[in-house]
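Trainee: Could you show me how to read pockets, sheets and ring pairs in a model like this one?
Mentor: Gladly, let us open it together.

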Amino acid sequence: EPYADLASLAGFHCNDLLVDPQGGAYVGNFGYDLLGGAPTVSTKLIRIDPDGRARSVGGPLVFPNGMALSPDGATLIVAETFGRRLSSFRVSAGGELADHRTWAALGAATPDGICLDAEGALWVASPLTRELLRVRQGGEVLDRVQTQGAPYACMLGGPDRHILYVCTAQTHEPAAALRDLTGRIEVVNVPVPGAGLP
């Protein structure tokens, strides 16, 4: 059943979302018609409260995508795919976002899905460079993992959260993805376990 109507708040398609411990959700959106060739414009995240009310928060962002919430719930990190950076916000008790900062500039990488580990580093799926990066705040790359397909999302899971699960495919174009069923989940064991949300 419908939970929240985001049509008036999303510049174009919605993408990744993160649910916080209070039951609120942060939702990313393209901001513009990427596949239709529209010019790049910035957008904001959408916050859906537990009662279903929605509002724009935290921006401007260039194609906000994957998100991670620190273990203490105080910091939200957002992947800006075509901004080629990770941005962070301070999270208030009511879910508002403030103190927008660049957490890490990523050069050629295009961050999509992200997840946080217990040392405060982020694993970042970068589909256009076809790799996973483990990045420290400030931008230092601590590790790189090559994948068979282009990585679009990643998550640390398993019994002790030492398994990095990666959603990959050969393409993100809808028609090609329907024609060539190349999606898969790739896995790699890593020494530092996951932390925070998701």
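Mentor: We will go through the pocket, then the sheets, then the aromatic rings. This is a predicted model, in which local features need pLDDT of at least 70, side-chain atom pairs count only at pLDDT 80 or more, and totals for chains, interfaces and linings use all residues. Residues are numbered from 1 along each chain as its sequence is written, and side-chain values use heavy atoms, with hydrogens and water left out.

Trainee: How much space lies in the largest pocket?
Mentor: Rolling a probe the size of a water molecule over the atoms shows where empty space is left. On a 1 Å grid over the protein atoms alone, a pocket is an open set of points where a 1.4 Å probe fits, with protein on both sides within 12 Å along at least five of seven lines. The volume is the space filled by probe spheres set on those points, which are joined across faces, edges and corners. Here the largest pocket holds about 410 Å³.

Trainee: Which residues line the largest pocket, and which lie nearest its centre?
Mentor: A lining residue has an atom within 4 Å of a point. There are 21 of them, and Leu 34, Phe 63, Asp 112, Tyr 152 and His 172 lie nearest the centre. Strand E1 (14–19) and strand E13 (150–157) each give the lining at least two residues; strands are DSSP runs (E, at least two residues), numbered from the N terminus. By class, the lining has ten nonpolar, eight polar and three charged residues. Ala, Val, Leu, Ile, Met, Phe, Trp, Tyr, Cys and Pro count as nonpolar, Asp, Glu, Lys and Arg as charged, and the others, Gly among them, as polar.

Trainee: E13 also belongs to a sheet; what is the strand order there?
Mentor: Strands of a sheet pair through backbone hydrogen bonds, either parallel or antiparallel. Two strands count as paired if DSSP finds at least two bridges between them. This open sheet of three strands runs E13-E14-E15, with antiparallel pairing. E13 and strand E15 (184–189) are the edges: each has a single partner strand, so one side of each lacks a neighbour in the sheet. Strand E14 (residues 163–169) pairs with E15 over six bridges, and Ile 163 stands opposite Asn 189 in E15.

Trainee: What is the order in the open sheet of four strands?
Mentor: That one reads E5-E6-E7-E8, again with antiparallel pairing. Strand E5 (64–69) and strand E8 (97–105) are at its edges with a single partner strand each, so one side of each is left without a neighbour in the sheet. Six bridges join strand E7 (residues 85–91) to E8, with Arg 90 opposite Ala 98.

Trainee: How many aromatic pairs does a search of the whole structure find?
Mentor: Rings of Phe, Tyr and Trp (its six-membered ring) pair if their centres lie within 6.5 Å; planes under 30 degrees apart are stacked, over 60 edge-to-face, and the rest tilted. The search finds four pairs. Phe 12 and Phe 30 make a tilted one, 6.1 Å centre to centre with 50° between the planes. Phe 12 lies in the segment before E1 and Phe 30 in the loop between strand E2 (25–29) and strand E3 (43–48), 18 residues apart.

Trainee: Is Phe 30 buried or exposed?
Mentor: Buried means under 20% relative accessible area, exposed over 50%, and partly exposed in between (1.4 Å probe, protein chains only). Phe 30, at 15%, counts as buried, while Phe 12 is partly exposed at 29%.
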